[in-house]
Amino acid sequence: MNTSATRSHVADHSGAAAPVLSLIDITKKFPGVVALNKVSFDVRPGEVHALLGENGAGKSTLMKVLAGKHQPNGGKIVLEGEEKSFENPKQAKKSGIVLIHQEQSLVPEMSVAENIYLGSLPLKWGNRVDWKKLHADSTEILQRLKCSFTSREMVSHLSIAKKQMVEIARALVFTPKVVVFDEPTASLTDHEKPVLYDIIKTLQEQGVGIVYISHRMDEIFHLSQRITVLRDGEYNGTVNTAETNEDEVTKLMIGRSLELDHASKPHDFKENMLELRHLTVDGVFEDVSFNVRKGEIVGMYGLVGAGRSEVAETIFGLRRPSSGEILLEGRAETIGSSHEAVEKGIALVPEDRKDQGLILGMNCRDNMTLSALGSVSSMGFMKTSAEKVVHDKYQSAMKIKTPSWRQKVGNLSGGNQQKIVIGKWLHTHPKLLILDEPTRGIDVGSKAEIHALIKELARTGYAVLVISSEMPEVLGVSNRIIAMYDGRITAEFDGDAVSEDELVHAITGQVAQAPKVATAITDDATVP
Amino acid sequence: DGPYKIGITQNNVGVDSYQTTYESAFEKAAEANDNVEVVILDAGGDVARQIGQVNNLIQQRVDAIIIWPTNGQAVIPALRQAHRAGIPVIVTNSKIAEAGMEFIAAFSGPDNVQQGVSSAEMMCDALGGEGQIVQVAGQPGYTTAMERSQGFEERLAEVCPGVELVETQPADWNREKAQRVMENFLTKYNDIDGVYAGDDNMGVGALNAAKGAERAEGIIFIGATNFAVGYEAIERGEYYGSIYQSPVDDAEAALQTALDILAGKEVPKMNFFETPKITAANIGEFEKPVF
Amino acid sequence: MATAEQGSNRVMFGRVSKSGLMSFLSAQGILIFFLLSMVVFSFFSEQFLSQSNVMTVVRQASIIGIIAVGVTVVIIGGNLDLSVGSMLSFATVLVVDLHDKVGPTTAIILMFALTLMVGAINGFLVGFMRLNSLIVTLAMLSAIQGGILIYSGGQNVDIANQDGTWFSVFGRGYVAGIAVPVVIFAVLAIIVQIVMSYTSYGRRIFAVGGNPVAAVYSGIRKNWCVFSTYLISAFCVACAALVLGSRVMGSQNNVGQGYELLVLAGIILGGTSLLGGAGSIWKTVIGVLILGFIQNGLLLMGYPYYTQWLVTWVIIILAVWLDLANKRKRLLTTHS
Amino acid sequence: MVNNMINVKGFLKGGGFVQPIWVFVIVITVFFSFMSDYFLSVGNLTNILVQTSTIGLIALGMTYVMINGNIDLSVGAILGLAASLSVGLQDYGLAVAVIAALASGLIIGAINGLIVWKTGVNAFIVTLGAMIGVRGLIFVYTGEQSFYATNFAFSDFGAASIGPFPLLAIIFLVCALIMHLVLKKTGHGRNTFAVGGNAEAALDAGIRIGRHMTINFIIVGFFAALAGVLLATQMGAATPNLGRDYELWTITAVVLGGTKLTGGYGSITGTLGGVLAIGILRNGMNMMQVPAFYVLVILGVILISVLVIDQKLNVHASKGVSI
Ligand SMILES: Nc1ncnc2c1ncn2[C@@H]1O[C@H](COP(=O)(O)OP(=O)(O)OP(=O)(O)O)[C@@H](O)[C@H]1O
Ligand SMILES: Nc1ncnc2c1ncn2[C@@H]1O[C@H](COP(=O)(O)OP(=O)(O)OP(=O)(O)O)[C@@H](O)[C@H]1O
Ligand SMILES: O[C@@H]1[C@@H](O)[C@H](O)OC[C@H]1O
Ligand SMILES: [Mg+2]
Ligand SMILES: [Mg+2]
């Protein structure tokens, strides 16, 4: 590791102000894991300091230590020259540190305003909530964030992206000293991102120090002044953004360059695996028709709320179609339950790993085999050794970072959790693999690996449907791209011939009625 | 000059056969009499609910209220209200505390203290004045249970100072609980000569336990409220004796007392019906109980 | 390396670690308590540890234990079953009443069939209708109790010829010197423990209790799983009714009243959380036995029966505390 | 603005729709008034209010605890203890007895809350233990005896009225209003939702969730004790078994009122509907002289039906996958 080379804080010669916050030699241990080993990190006022690292590198943990959620086993926190120790989140918050969580932490059955001011509701005469002030202040914040919803809306009614905006709105309640964004864009679409960037800019102008965690290089290079890389719980260097490039940063993160394999999309398509004909679920999506062939990767692109997940859930037997047909390998099928779907060779990597993908209290091995228990049992009895083989296979294939198969999945980092979900579904050896936001929260290295994996699977004959809100991802892996807007398919494109502009138009409903560069949706689509 | 509307709130129908048989006997007796219309309620063993029921009956302005108290003390204020509303109250089966007597028109039922006394006398006879016994009591806090225990314990000390009551445990009128209690007694005491049970349902439970431990031979079992199972056990010679108490008599007496009061007859405050001793010696004189 | 410590810093992730029996025991605060209370009681009462007393306690605990085995499965699956008390009354009254009418074999078959049917209703309402199990089984508690009373007309039921029927074997018989109720309890506990830990069925139940949504997204037929846990619970209740009916050779309509709470107390004492997705049968067995021994120990010491409740309270609090302190300590030691 | 929570419409509505339980209450009221002449009499209606006030008072506190994501099974036992103390200690003066009784509820509530807070053990477990233990405590204190208030002033209080309105009913309704306002309008009330809706988020936001939970356990303990004292005034006596099963009926009422057992959602208005529903059903069936055995079955069936109806109504509200 080349720590010593970069440790001499590169940015010093820029003559910037003294840091508003310094973390010095922070160590944090969990059972079986040293999540952070003497990590140092600082932020200057008005600076965006990006924190990078592979999944499980310790980014979230470091920020949780800062925010008083975890107690470090060693090291110190210095805020504006003063050493601090935060025993709980409240103390950290009081000192001006705001953490926007990676995993959303909202109260569903409360209004947007109450969520924004959670823990600091304006009160008058003793304990009475000052509703007027609450809503006025919240409305102002929402306006700054250009949010379309009101402060009185119930959070449980909001889409995941809107929820993320609420989460972000919390940072604007006080004028904080340091704001930490932990993968704020993981569930935002390109639509909402500019608003977030504006907010960050405003905060910067106010002299707030900003820590920005993300796996998206474009964002990091767009926003940050400095980049610090963590690797396996250790500090691995800080660079000035202006003086580096993606490749260099990636090397710092994963120790090598990424080999990008743009060229190697599959191209050997066979007969139809899946075909939807005028599929409709009343009030959710309408008249959805498309097909996925064996050996083909079809991308589904759209804004959050467009109804893509719902289409996937319907194929997977979780919703009843109101009308229309689902054909598998040319036969019309009714898929009454997820169980039937699995039996018919369909796999769905769901978009919400915590709620839908994993049993957080169970260990890695048990999660991994859960969808294919038949393959690791005989006559109903589990073959534990076979299970371990399965676990180890996917752990090494996907480089899942876990101290042991016994580790509770809930204790893994977000990205590693996601890998478990993917592994679990690969192990069912499906004929049709549906991936809903497969790389949400996954680091660049792993992302490239997953993309390569998807292509490899298609090449071996899998039919793959990838739902994603990330344009580079859709463009990078898909043979064909289906654009969805407001519950309808608006266009279908050739994955290699479409432009970004065309895609953006299609998913915002601005497309001309007839799809422009579409491969015709034919009933027998064996044309390569 | 009827027809009279009489409301009854019972203790806990269905908890054992005695109470259930009482209810059907009461219904039958009321049906047989054209002059009465009855409102039959059941408190399910819950005092608070019974008080609510008394209030409801007052609300409906029934002519008389018969109550089988779930508790001899807690119901008194409710009875006081009935009394104030001018509705005569007849307490059946189980007595209420002294303080409530002024609010009721009459009590009708067995004399449970006397029953305890009779059982003590039988025990004394059976043991020949010498021995070590245990008691399986009825539901704690329930007047009938307390009176039987009280009658038994006091009389035993008088007539049989040589018999020692080593321990009492409640079994809530429940045969299975009685069986468990007795099993524990049997492991705890190597020497048990007699068992007094608050009713036969529990007595037979105790007998079961003793039979299971193969110690039934040497033990005298005495119960109260002769149930069919107790009657048969006396016939077989496994059970020494009990008290014959008919729920039918109990129910009919209660209704009759109420009717007498409504008819303006002079009725004594305490109306006890006969509850004789029953043992192998006189069992022929009694019919086997239907419950 | 973040994960390098596996060898030197041995920690328990799953059930048992390699560090041996001691750490295994220390993880089981409840077991310590069990042993401790045994010692205290035997100090105060000489009979306490006598063979006959221990046998009596275990025999008495088996009815609760048999039911608790089934309820534990329901709880692991993420639900509750409060109707077991009423169901026990129902099954016992049925089997006893039918015994003289149709003979023991048919009576037993009918009783199992009808009890399983009640379990199926519970399972249908909770599993397929997705109603809240606490309220459903509470409502069923009431409805079943009413059902029995209507069936029996509120009368006690009895078996006339107690000594002349092989039905007596379930409650009063012995196999190789061990009481049949205990044998049934043990066999059920072992079978169900094996099913829960070593079969794919058990794995599914844990998954469903741990995260029902994810279980469905994993292709598990959640509704069937939940449904089946209520069948298991009903089956256990039917077994318990066999023992109870045979032991008493008669039944009152409310014979099972309050059993649901004793069963829960036993399960909780054993340390199974009520949140679902975790728990084990053997913990339940220990919990039920502790409950039985406390009750018995106090009785032998001559305390009135209700002091047992007070002691149970204190023990539950202390036991969970100890268990927790233990876990915390294990966490702390790995930090330094 | 100020009064919109007191007007009838606001009372019936929870978040913009009429709460299903109130529809049910109205339906059964109409039904019973056709079936029995006495049902709609003022006397009977006030009777219903008085009779529901016991469970009703506890349910007010229980609503808070359940919105908090907890549960309290010890309320029936607390009620029994408070009732016994309020009668048993009257030799030391009525005030002492009542204060001691209420204090017992506060203390046990605090113990429950502190244990849940400090050990993190599931409230179901902690309070089930307390339920068993406190019942034991009652028996130890009373020696299995019932207590009886020699002073009829005590029971006269329970029977007193202000105009045509029974005092107990008024106390209950006033408490309901206060609890409604506190839940809707105060920081504590709102944080109760936050803690139950997402404890981790609440913690991160700096809400001291342990303290809130403990306060709510104390509140429910207090209300259980108050219900016990008032029940004792109704009876002029107390029995050691008083309040058995009340926890279950209370929880049922609260759930019928729409409060989620998982926490984060619920209302006092719904709870009021829930307790009334149960009270009206019991009373109406008494009036119709439904045999006791059948009452049990009918209650069970109705409970389940209400759950089913409630679910059907809610399914339409959400577009999500039904799991
Ligand atoms: N509560 C916990 N208990 C045990 N281990 C934990 C816990 N929280 C985090 N870890 C471990 O600490 C390490 C660092 O996790 P962290 O969440 O900080 O990673 P990250 O850099 O944020 O990754 P990602 O990009 O996937 O979010 C991981 O190995 C993770 O498994
Ligand atoms: N405007 C909205 N108001 C209320 N609920 C919404 C709204 N938009 C979406 N939802 C709900 O939020 C959830 C998330 O949206 P959904 O996942 O369907 O979008 P999607 O097209 O699948 O996008 P993605 O997969 O990127 O999240 C869905 O259950 C949807 O019904
Ligand atoms: O069996 C009991 C009977 O003896 C008593 O008279 O009333 C209550 C009954 O349960
Ligand atoms: Mg992270
Ligand atoms: Mg989606």
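1. The shell around ligand 2 has seven charged, six polar and three nonpolar residues. Here Asp, Glu, Lys and Arg count as charged, Ala, Val, Leu, Ile, Met, Phe, Trp, Tyr, Cys and Pro as nonpolar, and the others, Gly among them, as polar.

2. Keep in mind that this is a predicted model, where local features need pLDDT of at least 70 and side-chain atom pairs count only at pLDDT 80 or more. Residues are numbered from 1 along each chain, chains are lettered from A and ligands numbered from 1 in the order in which they are written.

3. So where does ligand 2 lie? Ligand 2 is between chains A and D. Its 16 surrounding residues include His157(A) and Arg308(A), two of the closest; a residue is near if one of its heavy atoms lies within 4 Å.

4. Now for the polar contacts (pairs of N or O atoms within 3.5 Å). Gly307(A) uses a backbone N or O atom instead, at 2.7 Å from a ligand 2 oxygen.

5. On to the rings. Lys118(D) lies over the face of Trp117(D), 4.1 Å from the ring centre. The charged end of Lys124(A) sits over the ring of Trp125(A), at 5.3 Å from its centre. To count, NZ of Lys or CZ of Arg must be within 6 Å of the ring centre and within 35 degrees of the ring normal.

Key
Heavy atoms only, no water. Polar contact = N/O pair within 3.5 Å; in protein donor to acceptor, adjacent residues only side chain to side chain.
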